[in-house]
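Subject: Structure handover

Hello,

The structure is below, followed by notes on what was found in it. Please read the two together.

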Amino acid sequence: MARLIEGLSDDVVIRCLAYVPFYLHPKLELVSRSWRAAIRSQELFKARKDLSVTEDLLCVCAFEPENLWQLYDPLRDRWITLPLLPSKTRHLSHFGVVSTGGKLFVFGGGSEAVDPTTGDHHGSFATNEVWSYDPVVRQWTPRASMLVPRSMFACCVLNGKIVVAGGFTSCRKSISLAEIYDPEKNVWASLPDLHRTHNSACSGVVLGGKLHVLHKGLSTVQVLEIGERPEWTVKEYGWLQGPMAVVQENLYIMRQGIIFKQKASSSKVVVSAPELRNRIDSAMIGLMDELYFIGGVVGPNRWNWSIWPLSEVSILSVGNERPIWRRATPMTRCRGTIFGCTQLTL
């Protein structure tokens with residue numbers, strides 16, 4: 001085979017290519033077939049990690065258009081559109097989403113599609129399907145199904161493995177079952193059940209290397225630490241209710257248009273954000289030392305019954321003593337209710 005660049009070993013070329021930003025990779029592939037193979041190789045992904053030149057991107061999926069994901073590059077303030085998720089479920093929503101090992105994973109969920117003539121929802125309320133997206137080869141792949149169909153559940157990464165817990169299964173039945181997924185082996189295993197369940201959606205955040213599962217409307221937090229014998233413990237933290245995000249091991253919560261920094265048993269006001277008070281179903285996620293507020297809808301209210309889907313992105317820097325707001329480029333394809341949002345490092 002011909003060398004990538006005459007006079008240089010392919011190993012050296014791969015290390016040079018590792019410094020090229022991800023958004024330029026499609027253009028590099030046009031050089032030749034060998035360059036295309038190199039750009040889509042795991043060797044390039046490994047070189048980026050070894051040289052500490054990986055990039056932190058945001059992955060976002062919204063109500064419109066259905067089953068479409070976009071990547072946001074914060075350093076260049078630009079959006080990249082991914083191939084359509086090939087799920088048979090219309091408007092897949094209420095799923096779990098995380099990333100690990102340079103891949104995006106989508107778990108379970110159900111359909112948000114509505115028949116305009118009857119008002120009925122299409123498809124099932126909960127599935128056990130699992131998809132992964134590899135940005136190196138730009139392809140979605142079905143993975144081993146979860147042990148139980150579920151939606152509206154907690155989903156987080158712990159030590160490179162993915163834990164799902166709680167939520168609802170088929171027929172909107174709340175469950176306390178938990179399981180763990182090994183993405184390298186593509187295998188699921190059962191975990192001890194949650195001590196408590198509740199007829200509401202649950203979510204999860206990782207703090208201090210432990211998974212914290214919260215049910216909407218409950219003050220208790222169930223904590224899991226992965227070890228030789230995984231075990232759940234119940235804590236009465238009294239955390240505020242609302243969207244949550246973690247920035248540099250600090251938990252931030254938004255409640256009624258106010259951003260709080262949450263400690264174990266106390267909270268501190270960071271900043272008031274009245275422009276976010278009327279925005280519902282948006283994503284709140286931490287990236288580096290900033291909080292991102294993405295998409296959502298505005299309305300209805302007492303003066304206007306219209307609902308406006310949004311593509312706007314607002315960013316709050318919390319790394320300084322004085323929080324600073326700024327705007328990013330709006331999503332170029334997605335808009336409206338945000339179904340999924342996570343960070344992807346590649």
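**Notes on the structure**

Leaving out residues up to four places away in sequence, His198 touches Ser174, His215, Lys216 and Leu218, where contact means heavy atoms within 4.5 Å. This is a predicted model, in which local features need pLDDT of at least 70 and side-chain atom pairs count only at pLDDT 80 or more, while totals for chains, interfaces and linings use all residues. Residues are numbered from 1 along each chain as its sequence is written, and side-chain values use heavy atoms, with hydrogens and water left out.

His198 lies in the loop between β15 (187–191) and β16 (202–207). Helices (H or I, at least four residues) and strands (E, at least two) are DSSP runs, numbered from the N terminus. At 30% relative accessibility, His198 counts as partly exposed; buried means under 20% relative accessible area, exposed over 50%, and partly exposed in between (1.4 Å probe, protein chains only). The C-alpha atoms of His198 and Thr141 are separated by 33 Å, with the two residues 57 apart along the chain.

**Two other loop serines**

Ser282 lies in the loop between β24 (279–280) and β25 (283–287). The C-alpha atoms of Ser282 and Cys341 are separated by 9.7 Å, and these residues are 59 apart along the chain. Neighbours within four places in sequence aside, Ser282 is in contact with Ile294, Gly295, Gly296 and Ile338.

Ser311 is found in the loop between β28 (308–309) and β29 (313–317). With a relative accessible area of 18%, Ser311 is buried. The contacts of Ser311, not counting residues up to four places away in sequence, are Pro330, Met331, Cys334 and Arg335.

**Strand β6 and its partners**

Strand β6 covers residues 103–107; four of its five residues are buried, so the strand is largely enclosed by the rest of the structure. For pairing, DSSP must find at least two bridges between two strands. Five bridges join β6 to strand β5 (residues 96–100), and the two run antiparallel. Val97 stands opposite Val106 in β6. The hairpin of β5 and β6 has two residues between the strands, and Gly101 takes a positive phi near 60° there. Strand β8 (residues 130–134) is also antiparallel to β6, with four bridges between them. Here the bridge partner of Phe105 is Ser132 in β8.

A nonpolar core is a set of buried Ala, Val, Leu, Ile, Met, Phe, Trp, Tyr and Cys residues joined through side-chain atoms within 4.5 Å. Which residues of the largest nonpolar core touch the most other members? They are Trp69, Leu71, Phe95, Leu104, Val106 and Trp140, out of 22 residues in that core. The elements that give two or more residues to this core are β1 (56–64), β2 (69–73), β6, β8 and β31 (335–345). The largest share, three residues, comes from β1. Another core, of 18 residues, lies apart from this one, and Leu58, Leu68, Trp79 and Ala328 are among its members.

Trp140 touches Trp69, Pro83, Leu84, Leu85, Pro86, Leu104, Val106, Trp131, Ser132 and Tyr133, again not counting residues up to four places away in sequence.

Leu8 lies in the segment before α1 (10–17) and is partly exposed, with a relative accessible area of 35%.

**Backbone geometry**

Most residues other than glycine have a negative phi, and most peptide bonds are trans. A cis peptide bond joins Glu64 and Pro65, with omega about -15°. Pro65 is found in the loop between β1 and β2.

Ser52 is not a glycine but has a positive phi of about 55°. This residue sits in the loop between α4 (42–50) and β1, and Ser52 is exposed at 64% relative accessibility. Gln256, also not a glycine, has a positive phi of about 50°. Gln256 is found in the loop between β21 (250–255) and β22 (258–262) and is exposed, with a relative accessible area of 63%.

Regards
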